Amino acid sequence: MAEIKNRYDFVLLFDVKDGNPNGDPDAGNLPRFDAETGHGLVTDVCLKRKVRNYVQLVHGFKDGYDIYVKERAVLSMLHAEAYERLGLKVQADDEESGAETEKPEGKGKGKAEKKPRKASEGEVVHRVRDEMCRRYFDVRTFGALMSLKEANAGQVRGPVQLTFGRSLDPVVAAEHTITRMAVATRKEADKQGGDNRTMGRKNTVPYGLYRAHGFLSPALARQTKFSEADLDLLWKALVEMFDHDRSSARGLMATRRLLVFRHASELGNAPAHKLFDTVGLRRNDDSRPPRDFSDYALSVGSVPPGVEVMELGG
């Protein structure tokens, strides 16, 4: 597969209407927000989860595109499977790690037999780490901490990194009372005298346009074997992921724009923050709160030489 030879920085614009883009379990699942400014937040972990779900939807459990961090996964078992595929023994903590190398050929009569050298623990972990990158899309994309005591697979620093998404304007969470015309148990029904109603709460953001930033390092991509084909899949996932992640809690969510800055070199031709500053968003009417993407005007200024801008989505 083609090797990544260019640095990339990108801006992801997505919005939510009458939904909760990323609930905070420490705050009763309220939409996340900056307590000082009131701006809405969506974590990088939330965005990566949607990319993982999209890739798994497209490729299933296909070798090379499987997902490491998935629902109900037992990570140490996935490490053990990698050891098994490589023909390596999973070592206990108190055992000497390693695998035997091939025996030397052409042993002469009377000569002392050389004992086969065992690979060091570092060599074994390196091989397993490479196998995890080859097998799992999210490991070679986002990286992973896999240095467990049981079936150590090392650490991978991913070439693709994302920031939190932050809304352009402050958001106000609306709390709604909802009713279910049923109860869960007979005891609840008897207590209500047959009325059989269950009351609940639902928290939503009326509207929020969020902006997240991302980065791709060619040097780290070479280490994990993240390829041009993987990059195409990543762009597709970022553009289409919300279309395959619908739920009543999330309301209407969509990627509005994916602005990609492609550098002509591996080290880059301009600082990322200067490129991000060229992307402007302003309200068309400050007299009323925004309720749709059309309430904003998007502009992209001129970029330095050696940088190409690609606009995806929308």
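A residue counts as buried when its relative accessible area is under 20%. Asp-138, at 1%, is therefore buried in this structure. The model is predicted. The protein chain holds 8 helices and 14 strands.

**Overall form**
- The protein chain has a radius of gyration of 25 Å, whereas a compact globule of 314 residues would have one near 20 Å.
- The C-alpha trace spans about 95 × 70 × 35 Å along its principal axes.
- Of the 314 residues, 42% are buried.
- Among contacts with a separation of 6 or more, 72% join residues 24 or more positions apart.

**Surface and charge**
- The chain carries 50 positive and 47 negative charges, with mean positions 2 Å apart.

**Salt bridges**
- The whole structure contains 25 salt bridges.
- One of them pairs the side chains of Arg-52 and Asp-138 at 2.8 Å, N to O.
- This pair links distant parts of the chain: Arg-52 lies in helix α1 (residues 44–59) and Asp-138 in helix α4 (residues 137–142), 86 residues apart.
- Arg-52 is buried too, with a relative accessible area of 11%.
- Lys-70 and Asp-66 meet at 3.5 Å, N to O.
- Lys-70 is buried at 18%, and Asp-66 is buried at 4%.
- Glu-240 bridges to Lys-236, with the closest N and O atoms 3.0 Å apart.
- Glu-240 and Lys-236 are 4 residues apart in helix α7 (residues 228–240), so about one helical turn separates them.
- Glu-240 is partly exposed at 25%, as is Lys-236 at 42%.
- Salt bridges with shared partners join Asp-63, Asp-66, Lys-70, Arg-85, Glu-131, Arg-134 and Arg-135 into one network.

Note on methods. Residues are numbered from 1 along each chain as its sequence is written. This is a predicted model: local features need pLDDT of at least 70, side-chain atom pairs count only at pLDDT 80 or more; totals for chains, interfaces and linings use all residues. Side-chain values use heavy atoms; hydrogens and water are left out. Helices (H or I, at least four residues) and strands (E, at least two) are DSSP runs, numbered from the N terminus. The radius of gyration is taken over C-alpha atoms; the globule rule is 2.2 Å times the number of residues to the power 0.38. Buried means under 20% relative accessible area, exposed over 50%, partly exposed in between (1.4 Å probe, protein chains only). Contact means heavy atoms within 4.5 Å. Lys and Arg count as positive and Asp and Glu as negative; His and the chain ends are not counted. The place of a charge is taken as NZ of Lys, CZ of Arg, CG of Asp or CD of Glu. A salt bridge is a side-chain nitrogen of Lys or Arg within 4 Å of a carboxyl oxygen of Asp or Glu.
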